[in-house]
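Please read it alongside the sequence and the model.

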Amino acid sequence: MRRLDHKLRIAIFRAVVVLVCAGLTMQLWYLQVVQWQKYLLQSDRNRFRLVSIDAPRGIIYDRHGNILVRNKPGFTVTIVPADLPDDEAEQEAVFARLSALLDIPVSRPGQVSSGRVPVALAAPPEFSLQPGIEEMVDQGRGVPFLPVRIATNVEREIAFIIEEEHLDLPGVHVQIEPIRQYVSGDVTSHIVGYVGRIPGERAEEYIHRGYDPNSDRVGLTGVELTFEDELRGYKGRKHIEVDVAGRESRTVGEPEPAEPGHNLMLTIDLELQRAMEGALYQGMKAAGSKAGVAIAMNPQTGEILGMVSLPSYDNNLFAEGISVKDYEQLSSDPHRPLVNHAISGLYPPGSAFKIVPAAAALQEGVVTPETKFIAEGTLWLPNKYFPDDPEQAQPFYCWIHKWGKHGPVNLISGIAQSCDIYFYIVGGGLRDFEGLGLERLADYAYLFGLGERTGIDLPGENAGLVPSRKWKRLTYSEIWVTGDTYNIAIGQGFLLSTPLQILNATAAVANSGTLYRPQIAYQVTDAEGRVLRAFAPEVIREIPVSPENLALVREGMRAAVEWGTAMNAYLPWVSVAGKTGTAEYFTDENEDGYPDRDRQGNLPTHAWFTAFAPVEDPEIALIVLVEGGGEGSSTAAPIAAQILQHYFPMSPTGVLPEAEATPAPGEQPVPSLPQPIGRHFQAKVVGVDDQEAELSQLVGTVVDARGQGIPGVRVSIDAGGAPIFETATNPQGWFSYDMLNASASPHWNVRLIGLPEAEELHLEVESFKRYTVQFYEVSP
């Protein structure tokens, strides 16, 4: 019986062995014969991968071929989720080591106040912090074999450490990718902009356009954004074989090369841009201002030659991933360095706007060049309901009312002297004289480009505001009154514009009536330099003002520079036409850092100056705005003069051009006089008067032995060191400087350049003074 049981057990065991072997054989046959293609495919998926090849983004140049933006090689750290260790503890060790090397937290389930900001989220108004390593990897687990970008622009030493430790960091890779480098930095940051991660709220849009939201970088501001389609490249692809650690061992087949983005050439001149920034910065510093704008344009085409907005920022900070500290500093600055004030800032344009009602009044027949008004310094507007009661009349003041009056004023002298009384009457009328009125004034403002975007290829442009009766009723629940029209006529009240809009209106006056769309892009080329797209001038409209009437406005602007409010912009070797502006505004000192009133109780003012040159055939139009800068004549005009001196280098001889200057009312044109080389001059102080401005003013003349003014004499002003300001006498022999700073130095010197026999004038300067001086010819 026992023997039978033993044999039965052996038989059962043998049967089990046979069945197991048969099962294993069947399973092996199933795997090798039936399912071999499936597992071979899985094996190949682990061993072979299709990876993308990054395409370099297009280069950006200025109009002369100077590089503004280029690509530089940078180290990028990525993680392939499929290649991470399966053991959770080992995976945590990899994350911890990367966190220590890259200064990125392992996990960041909520936002905390440290770390670096991904570029897409650094653009205002959104702000968020980069997620931790775990969160970034989890986002990429849906496609486990695609690399997830963890950090870009990694320091060289850190990249080498990660490469050396690659055996202890499975799934972690260091790649070399093109990183954007902004060569011109903060000089052009508002124009160029920067690139960064795709914003989360626009991810679907970019996916439809062929972008990878996890790895691709796109333009977020400036021309990087507006010309994204031209600058972006198209990725290439290659098949690679990887080892057990997921690292590339060889390339399989021929790779599909990446297609680089097209290059973009801008209309700006980098050297002019630098000169504009320097002049604006110095002028702002002298005026105690924290923000300002300078724009230069070709008035014949609308091409932007330079555009400066201060304060600025270094766009390389965003390209490399801006720190929280830097971002908070930029975003909390009350003067908004991230904002391009040239196209986004809204300001009352002040008297710079007067070129519009001047042209409108001529075209509508409201005035002729001979029409004169008596400007007594104060205009008394009769009360609508009690017109015969002088006590009910409302006063409207001219800027000169505290010091005097302009007397009889026509169109030319009204523009030249920026007479508010003249433009009050032209704009709103007075008693039996019917002015333009609000509707016609607003219509011409729109025709000259105010109240609507210019269409420049930069994001964030503001449309400004040209008010209407309906707008005031809906906004303030008040009716429109004549005083509102008076204020609009001098660029005050509810009227708001961007600096670019005023410049575009000036350019239309300069070129006899064509309003161009401002152009920032010159042409697009491929990698071989072939022109793919050239940008031609684009006309918005022809302004319905006759060439004769616009010529009269130009004549008034030229007179402003030669004997009016803009004498600080006079250059003897090139004819300049311009218009100053001093725009009052309300402010909260706690918001922008400027005082809400000066010590006399006056509102603070923005300093404006708009100009073009040469008058006969304009090549350049300019706008300068200095926020809280005081008088346009003393702050903005000298800045423009410096810019024009860079664009039109000073003649070695300083000889006044042959073109006849615009004479002051009642004066004869000043003939071109021989230059006073080798003649002897002595200097004297004619008078010292009190004034309300703290920065003292210097006004002087250079006269010959007969007492006639000598034009084109170069004058240098310094405070005991290098020259601070250089100018030249106007056609009547006058010169002026409005920023004698007694606090900086009480000792100031004035001398004539190129005249070694001329006496040097020494001044002991006090604040709140106006010094009148004279250089007069004497016999040797």
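Ala607 has Val626 of strand β23 as its bridge partner, and the two strands concerned, β22 (residues 605-613) and β23 (residues 620-626), pair in the antiparallel sense over seven bridges. Helices (H or I, at least four residues) and strands (E, at least two) are DSSP runs, numbered from the N terminus, and two strands count as paired if DSSP finds at least two bridges between them. The model is a predicted one, in which local features need pLDDT of at least 70 and side-chain atom pairs count only at pLDDT 80 or more, whereas totals for chains, interfaces and linings use all residues. Residues are numbered from 1 along each chain as its sequence is written, and side-chain values use heavy atoms, with hydrogens and water left out.

Strands β22 and β23 belong to an open sheet of five strands, ordered β12-β11-β23-β22-β21 with antiparallel pairing. At its edges lie β12 (304-310) and β21 (577-584), each of which pairs on one side only, and the twist from one strand to the next averages 5 degrees. Helix α22 (residues 547-562) packs on this sheet and touches β21 and β22, its direction making about 75 degrees with that of β21. Contact here means heavy atoms within 4.5 Å, while axes are lines fitted to C-alpha atoms, for helices over the stretch in contact, and angles run from 0 to 180 degrees between N-to-C directions.

Buried means under 20% relative accessible area, exposed over 50%, and partly exposed in between, with a 1.4 Å probe and protein chains only; for charge, Lys and Arg count as positive and Asp and Glu as negative, with His and the chain ends not counted. A salt bridge is a side-chain nitrogen of Lys or Arg within 4 Å of a carboxyl oxygen of Asp or Glu. The side chain of Lys579 does make a polar contact of 2.8 Å with that of Ser418, a polar contact being a pair of N or O atoms within 3.5 Å, where within protein one must be able to donate a hydrogen and the other to accept it, and residues adjacent in sequence count only if both atoms are side-chain atoms. Leaving aside neighbours within four places in sequence, the residues in contact with Lys579 include Met557, Trp608, Phe609 and Thr610.

By the rule for salt bridges, the count comes to 25.

| Pair | N to O distance |
|---|---|
| Arg209 and Asp229 | 2.7 Å |
| Glu230 and Arg533 | 3.4 Å |
| Lys472 and Asp484 | 2.5 Å |

Glu230 lies in helix α10 and Arg533 in strand β19 (residues 531-534), so their pair ties together parts that are 303 residues apart in sequence. Arg533 is partly exposed at 41% relative accessibility, as are Arg209 at 30% and Asp229 at 48%. Lys472, by contrast, is buried at 4%, and Asp484 is buried at 11%. Salt bridges that share partners also join Arg57, Arg180, Glu224 and Glu228 into one network.

Elsewhere, strand β3 (residues 67-79) runs antiparallel to β4 and is joined to it by four bridges, with Val154 in β4 as the bridge partner of Phe75. Strand β4 (residues 148-154) is mostly covered, five of its seven residues being buried.
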